[in-house]
Number of protein chains: 2
Amino acid sequence: MSNSTTPIKNTKTLGTVTIEMVAQRAGVSLSTVSRILNGTAVVSESKKQAVDKAIAELDFVPNPMARSLAGGRSQSVGVITRAIDSPFYGAALRGIEETLDPAGYSALFVSGHFDVNIEKRCFELLRGRRVDGIILLTGQLPDANLKTYAKALPLVVTGRTLKAKGLVSLDFDNFEGGRLATEHLLSLGHQKIAVVTGEAGHKDSTERLRGHCAALEAAGLPFDPRLVVAGDYLELGGVRAVEELLARKIPFTSLFALNDQMAAGAALALHRLGKHIPSDMSLVGFDDLPQSVYAAPPLTTVRQPAYQLGELAAQCMIRLLKGETPSVKAPRPTLIVRESTKAT
Amino acid sequence: MSNSTTPIKNTKTLGTVTIEMVAQRAGVSLSTVSRILNGTAVVSESKKQAVDKAIAELDFVPNPMARSLAGGRSQSVGVITRAIDSPFYGAALRGIEETLDPAGYSALFVSGHFDVNIEKRCFELLRGRRVDGIILLTGQLPDANLKTYAKALPLVVTGRTLKAKGLVSLDFDNFEGGRLATEHLLSLGHQKIAVVTGEAGHKDSTERLRGHCAALEAAGLPFDPRLVVAGDYLELGGVRAVEELLARKIPFTSLFALNDQMAAGAALALHRLGKHIPSDMSLVGFDDLPQSVYAAPPLTTVRQPAYQLGELAAQCMIRLLKGETPSVKAPRPTLIVRESTKAT
DNA sequence: CTGAAAGCGCTTACAG
DNA sequence: CTGAAAGCGCTTACAG
């Protein structure tokens with residue numbers, strides 16, 4: 001044998017091109033290749049070109065695991081959402097993915113199920129995965145926990161206002177959204193406006209309701225608590241709400257569902273009862289889900305720009321990761337008038 | 001100074017508990033801890049207990065990066081989907097997440113946008129991230145490419161039938177689904193059935209249409225091509241199809257939309273024209289999207305169990321990763337009769 | 001501007 | 001059953 005002392009490379013490594021091979025081919029040191037890869041130091045143009053050429057020829061792709069282990073960063077950010085298939089947050093996830101990707105970060109999506117304990121487990125899981133930062137989309141975790149987590153790694157949270165180092169919060173003005181919806185109904189001459197709320201204790205819902213009341217008050221109209229029924233943010237809640245409201249026998253000409261899913265349920269219940277929207281009843285939702293444009297009739301609603309929210313959250317994260325202190329203003333609610341509302 | 005030669009640990013490492021610290025505390029070697037962690041060898045019970053205790057006391061969590069680098073596995077699997085917020089695949093993603101997680105794998109979701117080039121880029125990205133396997137949900141990539149990829153790492157693909165080593169395919173019987181829908185309409189006495197298809201060249205769509213024709217033929221009824229219009233699998237296609245069909249002035253009493261999104265669009269168009277579903281027109285969809293139960297009226301459709309599909313795909317992947325050769329039968333289509341169809 | 005070397009935190013033959 | 005040691009593929013002080 002010509003060379004019995006040649007060390008036998010681990011078989012796993014076969015076919016894998018490493019930074020060392022690039023260095024050898026380019027005739028420079030391993031460190032130089034690394035520096036060029038990371039733009040971490042000024043390197044002479046000639047070497048840079050040689051390295052770039054070698055990288056291209058070998059079709060070299062850095063191993064992120066090695067990179068993470070050595071550099072202490074994983075180039076990934078954890079995203080805790082209610083559920084990976086949430087109808088509302090879907091667009092937000094896409095917004096996050098599409099802004100993280102060009103920045104060289106991967107998103108790790110996990111479902112928190114809007115449950116404090118599961119969310120805690122998600123944080124542990126993600127920290128175990130060594131993500132560089134975490135985005136929490138409207139979770140249930142108390143502020144105190146969040147502040148603690150923010151000490152360990154960059155955090156951006158939506159759906160609340162919270163100040164702390166290493167943490168940026170992106171709130172949404174649900175109050176204003178609620179106000180907008182009711183103002184619209186009032187402008188159409190509706191005086192008796194029923195409301196289906198979200199889950200009890202859900203801040204978004206109580207804020208939207210406050211906005212509703214504020215609009216009423218501004219118009220000099222009384223708020224009648226018998227016209228509000230507790231929902232669940234799901235379609236079924238909308239169905240039940242209509243039944244309940246009708247059973248109460250208190251007249252109303254319009255219904256404000258505090259989210260689109262409940263509006264869809266309400267539309268179905270009304271449809272079954274032979275009530276025509278908007279001739280017999282005006283209906284307003286909240287969120288502007290993708291499918292709401294194609295509801296029959298298309299739903300008038302308050303738009304919460306989910307995609308943009310995700311985009312913003314990701315941008316904040318990227319800046320936090322750079323050591324900057326981003327200050328952003330969250331997107332504003334806007335009223336989208338379609339065909340489910342009509343003047344009395 | 002008492003000990004000027006103590007090596008200074010990398011600052012990154014502060015606060016991180018390593019396998020070495022566990023070993024020291026438990027009074028065993030590093031290798032033993034690793035073996036216990038991985039169940040990779042039989043270890044005496046006493047040592048195992050000591051190690052477990054140390055792990056608990058130190059709150060040790062293995063570093064997945066180091067693990068991957070040393071072990072050659074990343075404990076993650078890439079999932080290429082049309083879009084992270086696809087209404088149909090949402091449930092499939094959840095199914096994948098929920099079965100991968102207990103098996104110790106993380107899912108890396110990326111959007112392929114049903115585009116050959118983007119899907120290729122996704123494969124590169126995921127391989128760059130060193131995923132252990134890839135699940136492709138109904139992509140556009142040709143079979144040949146898939147077979148090539150399967151040589152490099154385990155692959156499970158849905159929406160086609162393909163045999164190759166290291167690859168398992170999970171097809172769905174779209175033909176049967178199409179047959180079921182039309183058979184239902186026929187059983188209600190409908191003879192004139194219009195059809196809105198999906199994007200041209202989309203295999204799912206052509207299969208569903210074939211099923212439709214087969215049902216017609218079995219009933220001894222002619223297939224009238226003037227009753228089919230080309231759609232796009234989006235709501236807008238459903239809207240346009242209704243307009244187009246009506247413009248053709250060929251009578252029909254029912255409409256089979258080859259997916260639920262188009263059915264929603266068709267329902268809207270019919271609603272605007274004052275046509276009542278199902279009194280004036282019966283409507284059948286395909287997929288059974290979550291929101292279809294709450295359409296007004298609730299949509300009769302062919303159910304494609306997305307969650308279960310994701311679950312199965314993930315199970316196959318886990319078995320492939322174990323070196324097994326899973327053989328599975330894909331879930332069957334089922335007809336879900338709701339309120340959008342009615343006897344003539 | 002550039003190398004040699006240590007180190008990131010694990011896994012896994014190898015040799016008892 | 002168990003250790004010592006090499007190695008996974010990088011990054012980053014350290015020293016020119």
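Me: Why does A:D59 count as exposed?
Reply: This is a predicted model, and A:D59 has a relative accessibility of 60% in it. Exposed means over 50%. The value of 60% passes that mark, so A:D59 counts as exposed.

Me: Where is the place of A:D59?
Reply: A:D59 sits in chain A, in the loop between helix 3 (45-58) and helix 4 (64-71). Its phi is near 55 degrees. That is a positive value, and the residue is not glycine.

Me: What makes A:F114 buried?
Reply: Its relative accessible area is 13%. Buried means under 20%. Since 13% is under that limit, A:F114 is buried.

Me: What is the phi of A:F114, and where is A:F114 found?
Reply: Phi of A:F114 is near 50 degrees, a positive value in a residue other than glycine. A:F114 belongs to the loop of chain A between strand 2 (106-111) and helix 6 (116-128).

Me: Why does A:S86 count as buried?
Reply: A:S86 has 11% relative accessibility. The limit for buried is under 20%. Therefore A:S86 counts as buried. This residue lies in the loop between strand 1 (76-81) and helix 5 (90-100) of chain A.

Me: Which backbone nitrogen does the side chain of A:S86 reach, and how do you know that this pair is a polar contact?
Reply: The side chain of A:S86 reaches the backbone nitrogen of A:Y89 at 2.9 Å. A polar contact needs N or O atoms within 3.5 Å, one able to donate a hydrogen and the other to accept it. The distance of 2.9 Å is within that limit.

Me: What makes B:D224 buried?
Reply: B:D224 has 18% relative accessibility. Buried means under 20%, so B:D224 counts as buried. Its place is in the loop between helix 9 and strand 7 (228-229) of chain B. A polar atom of the B:D224 side chain lies 2.9 Å from the backbone nitrogen of B:R226.

Me: Why is B:G112 called buried?
Reply: The relative accessible area of B:G112 is 0%. That is under 20%, so B:G112 is buried. B:G112 is found in the loop between strand 2 (106-111) and helix 6 (116-128) of chain B.

Me: Which residues is B:G112 in contact with, leaving aside its neighbours within four places in sequence?
Reply: They are B:I80, B:T81, B:R82, B:I118, B:E119 and B:C122. Contact here means heavy atoms within 4.5 Å.

Me: Which classes of residues has the contact of helix 8 of chain B with helix 9 of chain B?
Reply: Helix 8 of chain B brings residues including B:F175 and B:R179, and helix 9 of chain B brings residues including B:E207 and B:H212. By class, the contact has 5 nonpolar, 5 polar and 6 charged residues.

Me: Which residues does a cis peptide bond join in chain A and in chain B?
Reply: In chain A, a cis peptide bond joins A:I277 and A:P278, with omega about 5 degrees. In chain B, a cis peptide bond joins B:I277 and B:P278, again with omega about 5 degrees. A:P278 lies in the loop between helix 11 (260-272) and strand 9 (282-287) of chain A.

Key:
Residues are numbered from 1 along each chain as its sequence is written. Chains are lettered from A and ligands numbered from 1 in the order in which they are written. This is a predicted model: local features need pLDDT of at least 70, side-chain atom pairs count only at pLDDT 80 or more; totals for chains, interfaces and linings use all residues. Side-chain values use heavy atoms; hydrogens and water are left out. Helices (H or I, at least four residues) and strands (E, at least two) are DSSP runs, numbered from the N terminus. Buried means under 20% relative accessible area, exposed over 50%, partly exposed in between (1.4 Å probe, protein chains only). Ala, Val, Leu, Ile, Met, Phe, Trp, Tyr, Cys and Pro count as nonpolar, Asp, Glu, Lys and Arg as charged, and the others, Gly among them, as polar.
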